[in-house]
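Below are some numbered comments on the structure you sent.

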Amino acid sequence: MVGTIQIAEDGVTADISLGKPIDLFIVTIAASRASQPIGGPAFELSTVEKKSSMGFVGSLWFMQEQFGVDVRVKATRNAKGNTQVDGTLTALSNYPPFLPAGTSLGLRYSKDGGFQVTNWPSFEYLTNAIDFIKTLQKLSDQGSAGCGKLVGFAFEKLLQSKFRVNVSFGTQENDEGVTLVLDGSYTLCVAQTSLTAVAIPFPGLVSIPLPNSISFSELGNYIERALAAAAESFVKALVKNREAIAAVIGLTAGKAAASYAATLACQALIDGVAADAVVATAAETLAAATAAEAGAGAAGALVAGAVVAVADFFAGTGTGTGTGTGGTGTGTGTATQSPPVDPRVTITNRVVTLTWGGQGNARYHAQLLDSAATILLNNPDLAGAARQTQFEFGPEWPSGPYTAQVQGVHEQSATRWAAAPSTG
């Protein structure tokens with residue numbers, strides 16, 4: 001250390017050049033105007049009345065990038081008596097998409113308050129770090145096998161995700177390092193058209209530990225890793241968003257959309273109303289997805305029309321029909337009760353599970369019949385959101401064809417029976 005100390009009647013002043021930089025995890029206070037984060041800053045102290053101060057003067061390095069050339073960093077005692085360091089990190093270069101040049105961030109550290117970087121502006125981040133479809137399939141695979149399986153999504157590559165990210169930092173346990181903390185919202189798009197009227201909020205804070213040696217060029221990689229690790233929590237929240245999940249299924253599953261919606265409803269991953277919306281808007285979403293895959297000029301308008309149709313269904317204005325011409329999309333329709341769709345059966349040992357989709361029904365009525373159309377088992381008054389029921393074969397029943405069928409009921413109105421393919 002090299003410097004001067006002056007003692008006078010009104011107090012002490014000191015200006016001492018430190019030999020080594022000061023490291024605060026991912027921030028380094030180094031020598032003034034240093035071209036690398038090396039050398040020590042100047043330590044300044046004054047106890048002169050009305051001019052008392054303590055701190056450092058040097059260059060600031062944030063994730064190994066220079067964020068200040070000749071900067072003063074204050075050191076004070078906070079309310080708990082701990083040393084608190086306060087400074088300003090200024091982006092001297094442009095770091096797209098994370099920080100524009102000239103952005104000033106607040107820096108604060110104390111033992112009790114931890115490491116903080118504040119005032120980081122939110123930024124848009126395009127990434128496929130979360131594979132929403134693959135994660136949805138994974139969650140479905142963990143559910144009841146008797147409900148069916150999500151085998152493949154014909155248009156899954158059309159789904160794009162765009163994030164609006166807020167960045168902050170936390171301190172790891174025992175002050176061992178810092179944690180990158182992410183919050184914000186995201187938008188799911190097909191043909192550059194959002195599938196929801198408003199962005200979907202993060203399901204909660206997303207975090208990942210950072211090494212003290214991280215460089216700014218690695219920040220995107222850590223954001224990707226943090227989002228990927230949180231994929232299940234994002235999709236678990238997404239399936240609770242009726243409009244969003246109905247649009248996602250309709251625009252990615254192709255002709256299997258109604259069937260997959262029934263499977264997810266059977267597994268209680270989505271509710272019956274969301275499944276109804278997929279069925280009610282299947283024509284619109286399939287047409288929009290087909291146009292988007294073909295790169296048709298009206299694809300964006302068709303997607304917008306399909307999204308409106310889904311929204312209209314939940315608003316109670318109907319099943320919806322989406323059309324798009326000349327860059328515009330509209331959705332209209334009227335609510336209708338319809339028979340159950342895509343009834344399917346799976347058999348495990350002697351238990352038959354019947355699943356189906358449908359719309360406009362408050363309840364369902366299911367039956368199991370033998371080859372002579374005699375009713376063997378009868379399950380009336382099933383909840384509208386159920387979309388599944390089970391029958392158990394009697395051990396004495398002969399082999400042969402059996403039929404599982406279901407009808408929808410709304411007040412005093414019942415639909416025609418919809419039968420699953422016969423089983424024997």
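1. Is F67 buried or exposed? F67 has a relative accessible area of 0%, so this residue counts as buried, the limit being under 20%. Note that the model is predicted.

2. The structure contains 29 aromatic pairs. One of them joins F67 and F216 in a stacked arrangement, with 6.0 Å from centre to centre and 20° between the planes. F67 sits in the loop between β7 (65-66) and β8 (71-77), and F216 in the loop between β17 (206-210) and α2 (219-229); the pair therefore ties together parts that are 149 residues apart in sequence. F216 is buried too, at a relative accessible area of 4%.

3. A second pair deserves a mention. The ring centres of F202 and F234 are 5.0 Å apart with the planes at 70°, so this pair is edge-to-face, since planes over 60 degrees apart are classed that way. F202 belongs to the loop between β16 (200-201) and β17, while F234 is in helix α3 (residues 231-238); the pair links distant parts of the chain, 32 residues apart. Both F202 and F234 are buried.

4. F67 and F216 are also members of one aromatic cluster. Other residues of this cluster include F25, F62, Y95, F98, Y109 and W120.

5. Helix α1 (residues 132-141) packs against α3 at an angle of about 80°, and their axes are 9 Å apart. The two helices are therefore roughly perpendicular to each other. On the α1 side the contact is made by F132, T135, L136, K138 and L139; on the α3 side it is made by A231, E232, F234, V235, K236 and L238. By type, the residues of this contact are seven nonpolar, one polar and three charged.

6. A275 is located in helix α6 (residues 272-280). A275 is buried, with a relative accessible area of 0%. Beyond its neighbours within four places in sequence, A275 is in contact with A261, A265, I270 and R387. A275 and E224 are 51 residues apart in sequence, and their C-alpha atoms are 31 Å apart in space.

7. On confidence, the protein chain has an average pLDDT of 88, and 93% of the residues score at least 70. Residues 317-335 stay under 50 in pLDDT. For that stretch the model has 56 contacts beyond four places in sequence.

Note on methods:
Residues are numbered from 1 along each chain as its sequence is written. This is a predicted model: local features need pLDDT of at least 70, side-chain atom pairs count only at pLDDT 80 or more; totals for chains, interfaces and linings use all residues. Side-chain values use heavy atoms; hydrogens and water are left out. Rings of Phe, Tyr and Trp (its six-membered ring) pair if their centres lie within 6.5 Å; planes under 30 degrees apart count as stacked, over 60 as edge-to-face and the rest as tilted. Helices (H or I, at least four residues) and strands (E, at least two) are DSSP runs, numbered from the N terminus. Buried means under 20% relative accessible area, exposed over 50%, partly exposed in between (1.4 Å probe, protein chains only). pLDDT is the predictor's confidence in each residue, from 0 to 100. Contact means heavy atoms within 4.5 Å. Axes are lines fitted to C-alpha atoms, for helices over the stretch in contact, and angles run from 0 to 180 degrees between N-to-C directions. Angles under 35 degrees count as roughly parallel, over 145 as roughly antiparallel, 65 to 115 as roughly perpendicular and the rest as oblique. Ala, Val, Leu, Ile, Met, Phe, Trp, Tyr, Cys and Pro count as nonpolar, Asp, Glu, Lys and Arg as charged, and the others, Gly among them, as polar.
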